[in-house]
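Colleague: I would like to go through the labels on this model one by one. Please set each value against its rule.

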Amino acid sequence: MSKQNHAEVAIIGGGIVGSAIAYYVAKSGIDCVLIEKNDIASGTSSRCDGNITIVDKDPGFDSLMSLKSQELTVDLQRELDLEFEYRALGSLLVCENDNEMQAAAEWVDIQTKAGLKFKLLDREDLRQESPYFADDIPGGLECETDSLINPYLFCYSLIDKAKQYGLKVQTQAEVTGITKKEEFTIETTNGTFTAKKVVNAAGVWAPFIGKMLDLDIPIIPRKGHIIVGARQKPVMMRNVMEFGYLMNKFGRDRIVDKRTEKHGVALVLEPTESQNFLIGSSRQFVGYDGRIDMNVVETMAMRALRFYPKMNDFNMIRAYTGFRPWTEDHLPIVSEVEQIPGFYIAAGHEGDGISLATVTGKLIEELINEKTTTIPTDPLRFDRFDKVPVL
(Lines give C-alpha, C1' and ligand atoms only; values in the text may rest on other atoms or scores of the structure.)
Protein backbone atom coordinates (compact mmCIF):
# COMPACT_ATOMS: atom_id res chain seq x y z
CA MET A 1 0.00 0.00 0.00
CA SER A 2 1.52 3.32 -1.08
CA LYS A 3 1.86 6.19 1.35
CA GLN A 4 -0.50 8.17 -0.88
CA ASN A 5 -3.24 5.62 -0.17
CA HIS A 6 -2.74 5.55 3.60
CA ALA A 7 -3.78 8.17 6.14
CA GLU A 8 -4.29 8.54 9.84
CA VAL A 9 -7.93 9.50 9.20
CA ALA A 10 -10.14 8.78 6.18
CA ILE A 11 -13.28 10.90 5.75
CA ILE A 12 -16.01 9.40 3.57
CA GLY A 13 -18.26 12.01 1.95
CA GLY A 14 -17.40 15.27 0.25
CA GLY A 15 -20.46 17.32 1.14
CA ILE A 16 -20.46 20.29 3.47
CA VAL A 17 -20.16 18.15 6.62
CA GLY A 18 -17.29 16.06 5.24
CA SER A 19 -15.56 19.19 3.94
CA ALA A 20 -15.79 20.88 7.35
CA ILE A 21 -14.43 17.77 9.07
CA ALA A 22 -11.57 17.60 6.56
CA TYR A 23 -10.71 21.24 7.23
CA TYR A 24 -10.59 20.98 11.02
CA VAL A 25 -8.85 17.58 11.08
CA ALA A 26 -6.19 18.68 8.58
CA LYS A 27 -5.71 21.99 10.40
CA SER A 28 -5.04 20.08 13.63
CA GLY A 29 -2.02 18.46 11.97
CA ILE A 30 -3.46 15.01 11.31
CA ASP A 31 -2.70 13.26 8.02
CA CYS A 32 -6.10 12.74 6.38
CA VAL A 33 -7.78 11.83 3.12
CA LEU A 34 -11.25 12.74 1.88
CA ILE A 35 -12.97 10.08 -0.22
CA GLU A 36 -15.97 11.11 -2.36
CA LYS A 37 -17.87 8.91 -4.82
CA ASN A 38 -18.54 11.77 -7.26
CA ASP A 39 -17.26 15.35 -6.99
CA ILE A 40 -17.05 17.70 -4.00
CA ALA A 41 -20.50 19.12 -3.10
CA SER A 42 -22.21 17.00 -5.76
CA GLY A 43 -24.97 15.65 -3.49
CA THR A 44 -27.28 17.26 -0.93
CA SER A 45 -24.90 20.18 -0.37
CA SER A 46 -25.53 21.42 -3.90
CA ARG A 47 -29.29 20.87 -3.63
CA CYS A 48 -30.31 22.99 -0.68
CA ASP A 49 -30.51 26.54 0.56
CA GLY A 50 -27.69 28.31 2.40
CA ASN A 51 -29.20 29.21 5.76
CA ILE A 52 -27.07 29.22 8.90
CA THR A 53 -29.90 29.77 11.33
CA ILE A 54 -30.98 29.63 14.93
CA VAL A 55 -34.43 31.05 14.25
CA ASP A 56 -35.77 27.59 13.36
CA LYS A 57 -34.10 25.65 16.19
CA ASP A 58 -35.74 24.38 19.35
CA PRO A 59 -34.56 26.24 22.46
CA GLY A 60 -31.85 24.45 24.42
CA PHE A 61 -29.26 22.13 22.89
CA ASP A 62 -30.41 22.76 19.29
CA SER A 63 -29.92 26.50 19.69
CA LEU A 64 -26.59 26.08 21.51
CA MET A 65 -25.22 23.91 18.71
CA SER A 66 -26.40 26.36 16.05
CA LEU A 67 -24.97 29.38 17.86
CA LYS A 68 -21.54 27.72 18.10
CA SER A 69 -21.70 26.88 14.41
CA GLN A 70 -22.50 30.51 13.59
CA GLU A 71 -19.53 31.69 15.64
CA LEU A 72 -17.21 29.25 13.88
CA THR A 73 -18.51 30.34 10.47
CA VAL A 74 -17.68 33.96 11.32
CA ASP A 75 -14.13 32.80 12.05
CA LEU A 76 -13.97 30.88 8.77
CA GLN A 77 -15.10 33.94 6.85
CA ARG A 78 -11.77 35.47 7.93
CA GLU A 79 -9.63 32.31 7.69
CA LEU A 80 -10.58 30.86 4.31
CA ASP A 81 -9.06 32.20 1.12
CA LEU A 82 -11.95 31.63 -1.29
CA GLU A 83 -15.12 33.72 -0.92
CA PHE A 84 -18.31 31.79 -0.18
CA GLU A 85 -20.89 34.62 -0.31
CA TYR A 86 -21.18 35.04 3.45
CA ARG A 87 -23.95 37.50 4.35
CA ALA A 88 -24.70 38.21 8.02
CA LEU A 89 -28.12 39.79 7.59
CA GLY A 90 -30.25 38.02 10.19
CA SER A 91 -33.46 36.18 9.30
CA LEU A 92 -37.21 36.42 9.76
CA LEU A 93 -39.89 33.97 10.84
CA VAL A 94 -43.32 35.26 9.81
CA CYS A 95 -46.71 34.29 11.22
CA GLU A 96 -49.89 33.65 9.25
CA ASN A 97 -52.40 34.31 12.01
CA ASP A 98 -52.83 35.57 15.59
CA ASN A 99 -52.44 32.09 17.10
CA GLU A 100 -49.00 31.80 15.53
CA MET A 101 -48.17 35.31 16.75
CA GLN A 102 -48.92 34.23 20.31
CA ALA A 103 -46.66 31.21 19.87
CA ALA A 104 -43.99 33.46 18.33
CA ALA A 105 -44.10 35.79 21.34
CA GLU A 106 -43.52 32.81 23.63
CA TRP A 107 -40.71 31.61 21.34
CA VAL A 108 -38.97 35.00 21.51
CA ASP A 109 -39.31 35.08 25.30
CA ILE A 110 -37.71 31.65 25.68
CA GLN A 111 -34.87 32.37 23.26
CA THR A 112 -34.02 35.80 24.71
CA LYS A 113 -33.92 34.32 28.21
CA ALA A 114 -31.37 31.85 26.80
CA GLY A 115 -29.24 34.81 25.74
CA LEU A 116 -30.06 34.72 22.02
CA LYS A 117 -30.75 37.83 19.93
CA PHE A 118 -34.44 37.44 19.07
CA LYS A 119 -36.98 40.23 18.56
CA LEU A 120 -40.76 40.22 18.01
CA LEU A 121 -41.95 42.08 14.89
CA ASP A 122 -45.37 43.61 14.21
CA ARG A 123 -47.15 44.24 10.90
CA GLU A 124 -45.46 47.59 10.34
CA ASP A 125 -42.02 46.05 10.95
CA LEU A 126 -42.71 43.55 8.17
CA ARG A 127 -43.78 46.31 5.77
CA GLN A 128 -40.39 47.91 6.40
CA GLU A 129 -38.75 44.63 5.44
CA SER A 130 -40.69 44.23 2.20
CA PRO A 131 -43.67 45.98 0.59
CA TYR A 132 -44.66 42.67 -0.97
CA PHE A 133 -45.92 40.99 2.22
CA ALA A 134 -49.65 40.22 2.29
CA ASP A 135 -51.63 42.88 4.16
CA ASP A 136 -53.11 40.36 6.62
CA ILE A 137 -49.78 38.96 7.87
CA PRO A 138 -49.80 40.06 11.54
CA GLY A 139 -46.07 39.96 12.22
CA GLY A 140 -43.28 37.57 13.11
CA LEU A 141 -39.88 37.48 14.73
CA GLU A 142 -36.27 38.20 13.90
CA CYS A 143 -33.01 36.45 14.78
CA GLU A 144 -30.16 38.92 14.46
CA THR A 145 -27.27 36.44 14.24
CA ASP A 146 -28.53 34.31 11.33
CA SER A 147 -26.61 34.39 8.07
CA LEU A 148 -26.50 33.07 4.51
CA ILE A 149 -23.76 31.35 2.52
CA ASN A 150 -23.34 29.62 -0.82
CA PRO A 151 -22.99 25.96 0.28
CA TYR A 152 -21.32 24.87 -2.96
CA LEU A 153 -18.64 27.56 -2.70
CA PHE A 154 -18.25 26.93 1.03
CA CYS A 155 -17.33 23.28 0.42
CA TYR A 156 -14.66 24.22 -2.13
CA SER A 157 -13.34 26.97 0.13
CA LEU A 158 -12.96 24.52 3.02
CA ILE A 159 -11.27 21.93 0.83
CA ASP A 160 -8.94 24.52 -0.71
CA LYS A 161 -7.69 25.55 2.74
CA ALA A 162 -7.56 21.97 4.03
CA LYS A 163 -5.27 21.03 1.13
CA GLN A 164 -2.88 23.73 2.33
CA TYR A 165 -2.77 21.83 5.63
CA GLY A 166 -2.00 18.58 3.82
CA LEU A 167 -5.42 17.07 3.04
CA LYS A 168 -5.46 14.48 0.25
CA VAL A 169 -8.64 14.35 -1.85
CA GLN A 170 -9.84 11.35 -3.80
CA THR A 171 -12.94 11.96 -5.93
CA GLN A 172 -14.76 9.59 -8.30
CA ALA A 173 -14.08 6.89 -5.70
CA GLU A 174 -17.26 5.16 -4.52
CA VAL A 175 -16.71 3.07 -1.40
CA THR A 176 -17.57 -0.56 -2.12
CA GLY A 177 -16.35 -2.20 1.08
CA ILE A 178 -14.77 -1.56 4.48
CA THR A 179 -13.06 -4.03 6.78
CA LYS A 180 -11.16 -3.57 10.01
CA LYS A 181 -8.31 -5.55 11.50
CA GLU A 182 -5.52 -3.52 13.05
CA GLU A 183 -6.54 -0.69 10.75
CA PHE A 184 -9.36 0.02 8.32
CA THR A 185 -9.18 -1.08 4.69
CA ILE A 186 -11.45 0.90 2.38
CA GLU A 187 -12.16 -0.54 -1.06
CA THR A 188 -13.31 1.98 -3.67
CA THR A 189 -13.93 2.10 -7.41
CA ASN A 190 -10.70 4.08 -7.68
CA GLY A 191 -8.31 2.11 -5.52
CA THR A 192 -7.84 0.78 -2.00
CA PHE A 193 -7.10 2.99 1.00
CA THR A 194 -6.07 2.27 4.56
CA ALA A 195 -6.54 4.39 7.65
CA LYS A 196 -6.31 4.13 11.42
CA LYS A 197 -9.61 5.95 11.82
CA VAL A 198 -12.64 6.48 9.57
CA VAL A 199 -15.32 9.18 9.64
CA ASN A 200 -18.62 8.32 7.95
CA ALA A 201 -19.90 11.68 6.69
CA ALA A 202 -21.93 10.27 3.82
CA GLY A 203 -25.23 11.97 4.69
CA VAL A 204 -28.25 10.00 3.46
CA TRP A 205 -25.85 7.32 2.24
CA ALA A 206 -24.31 6.84 5.69
CA PRO A 207 -26.42 3.71 6.40
CA PHE A 208 -24.91 1.99 3.35
CA ILE A 209 -21.41 2.65 4.68
CA GLY A 210 -22.53 1.38 8.10
CA LYS A 211 -23.80 -1.90 6.66
CA MET A 212 -20.32 -2.65 5.34
CA LEU A 213 -19.30 -2.97 9.00
CA ASP A 214 -22.56 -4.69 10.06
CA LEU A 215 -23.73 -1.44 11.66
CA ASP A 216 -27.34 -0.25 11.52
CA ILE A 217 -27.42 3.55 11.26
CA PRO A 218 -30.99 4.87 11.73
CA ILE A 219 -30.99 7.58 9.05
CA ILE A 220 -33.76 7.89 6.45
CA PRO A 221 -33.81 10.16 3.36
CA ARG A 222 -36.38 12.94 3.42
CA LYS A 223 -36.83 14.60 0.02
CA GLY A 224 -37.15 18.35 -0.36
CA HIS A 225 -37.93 20.50 -3.41
CA ILE A 226 -36.50 23.95 -4.11
CA ILE A 227 -37.59 26.46 -6.77
CA VAL A 228 -35.16 28.99 -8.24
CA GLY A 229 -37.10 32.15 -9.10
CA ALA A 230 -36.37 35.56 -10.59
CA ARG A 231 -38.16 38.86 -11.09
CA GLN A 232 -37.21 42.42 -12.04
CA LYS A 233 -37.29 43.81 -8.51
CA PRO A 234 -36.06 41.98 -5.38
CA VAL A 235 -38.66 40.69 -2.94
CA MET A 236 -36.51 40.49 0.19
CA MET A 237 -32.96 41.31 1.20
CA ARG A 238 -32.70 38.54 3.80
CA ASN A 239 -33.95 35.06 4.49
CA VAL A 240 -37.57 34.55 5.58
CA MET A 241 -39.44 31.48 6.77
CA GLU A 242 -42.98 31.01 7.94
CA PHE A 243 -43.69 29.89 11.48
CA GLY A 244 -45.28 26.76 10.01
CA TYR A 245 -41.79 25.67 8.92
CA LEU A 246 -41.12 24.78 12.54
CA MET A 247 -44.33 22.78 12.66
CA ASN A 248 -43.31 20.80 9.57
CA LYS A 249 -39.75 20.27 10.73
CA PHE A 250 -40.68 18.82 14.09
CA GLY A 251 -43.89 17.04 13.00
CA ARG A 252 -46.27 19.33 14.89
CA ASP A 253 -49.87 20.08 13.99
CA ARG A 254 -50.63 23.18 11.93
CA ILE A 255 -53.73 24.63 10.30
CA VAL A 256 -53.24 24.58 6.52
CA ASP A 257 -55.06 23.26 3.47
CA LYS A 258 -54.85 19.53 2.71
CA ARG A 259 -52.54 19.98 -0.27
CA THR A 260 -49.98 21.97 1.73
CA GLU A 261 -50.14 19.45 4.56
CA LYS A 262 -49.84 16.44 2.24
CA HIS A 263 -46.58 17.63 0.69
CA GLY A 264 -45.12 19.04 3.92
CA VAL A 265 -44.85 22.50 2.37
CA ALA A 266 -43.89 25.63 4.32
CA LEU A 267 -42.53 28.91 2.99
CA VAL A 268 -38.80 29.50 2.89
CA LEU A 269 -37.54 32.38 0.72
CA GLU A 270 -33.83 33.03 0.40
CA PRO A 271 -32.34 35.82 -1.73
CA THR A 272 -29.11 34.97 -3.55
CA GLU A 273 -26.15 37.18 -4.43
CA SER A 274 -27.10 36.89 -8.11
CA GLN A 275 -30.40 38.68 -7.30
CA ASN A 276 -32.47 35.55 -7.84
CA PHE A 277 -34.18 33.80 -4.95
CA LEU A 278 -34.82 30.28 -3.71
CA ILE A 279 -38.29 29.13 -2.65
CA GLY A 280 -38.84 26.15 -0.39
CA SER A 281 -39.70 23.97 1.24
CA SER A 282 -41.22 20.51 1.10
CA ARG A 283 -40.64 17.38 3.18
CA GLN A 284 -41.51 13.90 1.91
CA PHE A 285 -40.54 10.36 2.79
CA VAL A 286 -40.32 8.71 -0.65
CA GLY A 287 -37.13 6.70 -0.34
CA TYR A 288 -34.41 7.70 -2.80
CA ASP A 289 -36.81 8.85 -5.54
CA GLY A 290 -35.32 12.18 -6.58
CA ARG A 291 -37.77 13.00 -9.36
CA ILE A 292 -39.38 16.44 -9.35
CA ASP A 293 -43.09 16.37 -8.51
CA MET A 294 -44.80 19.32 -10.21
CA ASN A 295 -47.71 19.03 -7.76
CA VAL A 296 -45.26 19.82 -4.98
CA VAL A 297 -43.65 22.63 -6.96
CA GLU A 298 -47.05 24.23 -7.62
CA THR A 299 -47.98 23.91 -3.96
CA MET A 300 -44.75 25.65 -2.95
CA ALA A 301 -45.36 28.47 -5.42
CA MET A 302 -48.91 28.90 -4.11
CA ARG A 303 -47.60 28.98 -0.55
CA ALA A 304 -45.11 31.70 -1.47
CA LEU A 305 -47.91 33.77 -3.01
CA ARG A 306 -49.91 33.42 0.20
CA PHE A 307 -47.27 35.52 1.95
CA TYR A 308 -46.19 37.56 -1.10
CA PRO A 309 -49.29 37.99 -3.32
CA LYS A 310 -47.69 40.94 -5.16
CA MET A 311 -44.90 38.65 -6.33
CA ASN A 312 -47.16 36.89 -8.85
CA ASP A 313 -45.02 38.02 -11.79
CA PHE A 314 -41.94 35.97 -10.89
CA ASN A 315 -40.35 33.57 -13.38
CA MET A 316 -39.46 30.05 -12.32
CA ILE A 317 -35.95 29.36 -13.63
CA ARG A 318 -35.80 25.75 -12.49
CA ALA A 319 -36.67 23.34 -9.71
CA TYR A 320 -34.62 20.60 -8.12
CA THR A 321 -34.74 18.12 -5.26
CA GLY A 322 -32.34 16.94 -2.58
CA PHE A 323 -32.34 14.33 0.16
CA ARG A 324 -32.14 15.34 3.82
CA PRO A 325 -30.75 12.71 6.25
CA TRP A 326 -33.50 12.38 8.87
CA THR A 327 -33.28 10.92 12.39
CA GLU A 328 -36.24 10.30 14.65
CA ASP A 329 -35.19 12.87 17.27
CA HIS A 330 -34.13 15.49 14.68
CA LEU A 331 -30.55 15.62 15.98
CA PRO A 332 -27.52 14.48 13.99
CA ILE A 333 -25.19 11.67 14.99
CA VAL A 334 -21.75 13.06 15.83
CA SER A 335 -20.06 10.23 17.65
CA GLU A 336 -17.52 7.46 17.81
CA VAL A 337 -19.06 3.99 17.63
CA GLU A 338 -18.08 2.07 20.74
CA GLN A 339 -18.28 -1.39 19.17
CA ILE A 340 -15.98 -0.30 16.33
CA PRO A 341 -13.18 1.77 17.89
CA GLY A 342 -11.85 4.37 15.48
CA PHE A 343 -15.08 4.54 13.46
CA TYR A 344 -16.99 7.84 13.71
CA ILE A 345 -20.34 8.96 12.34
CA ALA A 346 -21.12 12.55 11.37
CA ALA A 347 -24.49 12.40 9.63
CA GLY A 348 -28.23 12.77 10.16
CA HIS A 349 -28.47 16.57 10.07
CA GLU A 350 -31.68 16.57 7.97
CA GLY A 351 -32.19 20.19 6.80
CA ASP A 352 -29.57 21.55 9.22
CA GLY A 353 -26.44 20.33 7.46
CA ILE A 354 -25.55 23.83 6.30
CA SER A 355 -26.27 25.36 9.72
CA LEU A 356 -24.37 22.73 11.69
CA ALA A 357 -21.50 21.74 9.39
CA THR A 358 -18.84 23.85 11.06
CA VAL A 359 -19.60 22.78 14.62
CA THR A 360 -19.81 19.16 13.45
CA GLY A 361 -16.39 19.42 11.85
CA LYS A 362 -14.94 20.93 15.00
CA LEU A 363 -16.52 18.29 17.26
CA ILE A 364 -15.21 15.40 15.17
CA GLU A 365 -11.71 16.87 15.25
CA GLU A 366 -11.94 17.21 19.03
CA LEU A 367 -13.23 13.65 19.44
CA ILE A 368 -10.44 12.26 17.25
CA ASN A 369 -7.82 14.20 19.19
CA GLU A 370 -9.48 13.25 22.52
CA LYS A 371 -9.95 16.88 23.53
CA THR A 372 -12.67 18.41 25.66
CA THR A 373 -15.38 19.18 23.14
CA THR A 374 -16.63 22.68 22.34
CA ILE A 375 -20.15 21.70 23.36
CA PRO A 376 -21.43 18.54 25.08
CA THR A 377 -21.81 15.61 22.68
CA ASP A 378 -23.96 13.23 24.75
CA PRO A 379 -27.18 14.24 22.90
CA LEU A 380 -25.40 13.35 19.63
CA ARG A 381 -24.12 9.91 20.62
CA PHE A 382 -24.80 7.01 18.29
CA ASP A 383 -25.86 4.71 21.12
CA ARG A 384 -28.82 6.95 22.06
CA PHE A 385 -30.82 4.93 19.54
CA ASP A 386 -30.22 1.65 21.37
CA LYS A 387 -33.55 0.11 22.29
CA VAL A 388 -34.13 -0.95 25.87
CA PRO A 389 -35.25 -4.60 25.81
CA VAL A 390 -38.75 -5.32 27.13
CA LEU A 391 -38.59 -7.75 30.07
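Modeller: What follows takes salt bridges, then a surface patch, then a pocket, all in a predicted model.

Colleague: Why is the contact between Glu142 and Arg238 called a salt bridge?

Modeller: The rule asks for a side-chain nitrogen of Lys or Arg within 4 Å of a carboxyl oxygen of Asp or Glu. The closest N and O atoms of Glu142 and Arg238 are 2.9 Å apart. So the pair meets the rule. The two residues link distant parts of the chain, 96 residues apart. Glu142 sits in strand β6 (residues 139–143), and Arg238 in the loop between β12 (220–230) and β13 (239–242). Glu142 is buried, and Arg238 is buried too.

Colleague: What makes Glu350 and Arg222 a link between distant parts of the chain?

Modeller: They are 128 residues apart. Glu350 is in the loop between β18 (343–347) and α10 (353–368), while Arg222 is in strand β12. Their closest N and O atoms are 2.6 Å apart, and the pair forms a salt bridge. Both residues are buried, a label that calls for under 20% relative accessible area.

Colleague: How do you know that Arg303 and Glu242 tie together separate parts?

Modeller: Their side chains meet in a salt bridge at 2.8 Å, N to O. Arg303 lies in helix α9 (residues 294–307) and Glu242 in strand β13, so the pair joins parts that are 61 residues apart in sequence. Arg303 and Glu242 are both buried.

Colleague: Which residues are linked with Arg303 and Glu242 in a network of salt bridges?

Modeller: Glu96, Asp136 and Arg306. The count of salt bridges by this rule comes to 26.

Colleague: Now the surface. Why is Phe208 called partly exposed?

Modeller: Its relative accessibility is 40%. Buried needs under 20% and exposed needs over 50%, so a value in between is partly exposed. Phe208 is placed in helix α6 (residues 206–211). With Trp205 and Tyr288, Phe208 makes a nonpolar surface patch of about 280 Å². Patch residues need over 30% relative accessible area, and Phe208 has 40%.

Colleague: What makes up the lining of the second largest pocket?

Modeller: There are 21 lining residues. Cys48, Asn150, Pro151, Leu278 and Tyr320 lie nearest the centre. Helix α5 (151–164) and strand β16 (315–326) each supply at least two lining residues. The pocket's volume is about 380 Å³.

Colleague: How does that lining divide into nonpolar, polar and charged?

Modeller: Seven nonpolar, seven polar and seven charged. Cys, Pro, Leu and Tyr count as nonpolar, so Cys48, Pro151, Leu278 and Tyr320 fall in that class.

Definitions and conventions. Residues are numbered from 1 along each chain as its sequence is written. This is a predicted model: local features need pLDDT of at least 70, side-chain atom pairs count only at pLDDT 80 or more; totals for chains, interfaces and linings use all residues. Side-chain values use heavy atoms; hydrogens and water are left out. On a 1 Å grid over the protein atoms alone, a cavity is a set of points where a 1.4 Å probe fits but cannot get out, and a pocket is an open set with protein on both sides within 12 Å along at least five of seven lines; lining residues have an atom within 4 Å of a point. Grid points are joined across faces, edges and corners, and a volume is the space filled by probe spheres set on the points. Helices (H or I, at least four residues) and strands (E, at least two) are DSSP runs, numbered from the N terminus. Patches are made of residues with over 30% relative accessible area and no salt bridge: like charges are joined within 9 Å, nonpolar side chains (Val, Leu, Ile, Met, Phe, Trp, Tyr) within 5 Å. Accessible areas come from the Shrake-Rupley method with a 1.4 Å probe; for residues, only the protein chains shown count as cover. Buried means under 20% relative accessible area, exposed over 50%, partly exposed in between (1.4 Å probe, protein chains only).
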